[in-house]
Amino acid sequence: MRDPDFTLSAGPTMAYPRVLAAQGKQITYHYDPAFLEAFRRTERKVAEILMTKNDVLLMQGEAVLGLEAAARGLVMPGTHVLNLVSGVFGKGMGYWLKDFGAELHELEVPYNDSVDPSDVERYLGEHPEIDLLTVVHSETPSGTLHDLSAIGPIAHAHGVMTIVDCVSSLGGIEFRTDDWQVDIAVAAAQKCLGGPPGITLMSVNDAAWERMRANPSAPRASFLSMLDWKEQWIDGEKFPFTPSVVDMHAIEACCDELLEEGLEASIARHSLAAKACRAGVRAMELELWPRSDEVTADCVTAIAVPDPLTDVQVRGHCRERYGVMISAGQGAGNLVRIGHMGPTASSMYPVAGLAAVGRTFADLGVSVKVGDGLDAALEVLSQTAVRVA
């Protein structure tokens, strides 16, 4: 089977040309002075994107590695943790926490919604034993978003540390690590940064390091050991093990792409793509999955699949007939998602996604106004001063 013409998935997404070029560089010795300089330089660029003065940790492995490492580092048997659940990844973190011995508390909402910050405030007030909160900023399978600008300070005011999954939001949706008082942020490059999977981008503050050092359950001499990275590389001169040289070149390239564009401009571009896509879905008289725009993430457009169709049918037809790869809901429900992340949150990519998805529904017997949807999306794009190419 040949590759799709358009990868409009929810990530990994298409990469920028300079990222692809960077991955073609010659492999160098990881202790070569040029690579050491590039690694430190990339850490500084990631810190700028995360808007933090905290330590930046670039762990070798997809972001799931970083999330598990952070949870293992802060949790010991008996730790009371409040986990916010609005989708698949939030629910999965709860399974991990229980496995690590945590006393698990959860605030859970339907997977087309997000947890209200006022409920977090109330719950923490009623449960002073909680000292850690875990939350997914942008719940990609559902296309929903938590108000972390409120949740982070609420947790901090209650003396509760935070682990935040910002994998799909970083670079495309506002995320302010320090201003929002996030203790550990876990991100990745294969979403809005338009880079490769394979490396976790993390920020860790001093309080989190202190707690890890005091935790006898925190991994040591392990691929999951954040403390090994802190002691041997961040505060030292040696890597715990050989880093992925090729991936690091690509990470720096996607950071350069974003920083040259400007973080605010990138966020505005992703917002525009999302507005155009949502307007098109509504005009086609299809149903958006999130319950309202207020809880909708700007990195994907999640569309409910009407009965009796399934997401498998829709995705398969869309790819086979129109060459467009979209995503399912990964267990969040019967839905499909058009990704607009990194390079695909620009120009006509959202319109191409709408055209393929709309025509797919029509081919499969759904009454859908494809032309009206494309007109609505183009109208949104034509009414803005944001450059989208």
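How many disulfides are there? The count comes to 0. This is a predicted model.

**Cysteines**
- Cys-192 takes part in no disulfide; its nearest cysteine sulfur belongs to Cys-299 and lies 5.1 Å away.
- Cys-192 is buried, at 2% relative accessible area.
- Cys-255 is likewise in no disulfide, with the sulfur of Cys-254 the nearest at 4.8 Å.
- Cys-255 is buried too, and its relative accessible area is 0%.

**Helix α7**
- Helix α7 spans residues 206-213, and its buried residues are Ala-208, Trp-209, Arg-211 and Met-212.
- These residues cover an arc of only 165° around the axis, so they lie on the same side of α7.
- An α-helix has 3.6 residues a turn, so residues three or four places apart point the same way.
- Asp-206 and Glu-210 are exposed, on the face of α7 turned away from the buried side.

- Strand β8 covers residues 161-165; 5 of the 5 are buried, so the strand is largely enclosed by the rest of the structure.
- Both faces are covered. Met-161, Ile-163 and Asp-165 are buried on one side, Thr-162 and Val-164 on the other.
- In a regular strand, side chains alternate between the two faces of the sheet.
- β8 pairs with strand β5 (residues 132-136) in the parallel sense, over 5 bridges. Here Leu-133 stands opposite Thr-162.
- β8 also runs parallel to strand β9 (residues 184-188), joined by 3 bridges. Ile-163 stands opposite Ile-184 of β9.

Notes
Residues are numbered from 1 along each chain as its sequence is written. This is a predicted model: local features need pLDDT of at least 70, side-chain atom pairs count only at pLDDT 80 or more; totals for chains, interfaces and linings use all residues. Side-chain values use heavy atoms; hydrogens and water are left out. A disulfide is a pair of cysteine sulfur atoms within 2.5 Å. Buried means under 20% relative accessible area, exposed over 50%, partly exposed in between (1.4 Å probe, protein chains only). Helices (H or I, at least four residues) and strands (E, at least two) are DSSP runs, numbered from the N terminus. The arc is that of the directions from the helix axis to the C-beta atoms. Two strands pair if DSSP finds at least two bridges between them.
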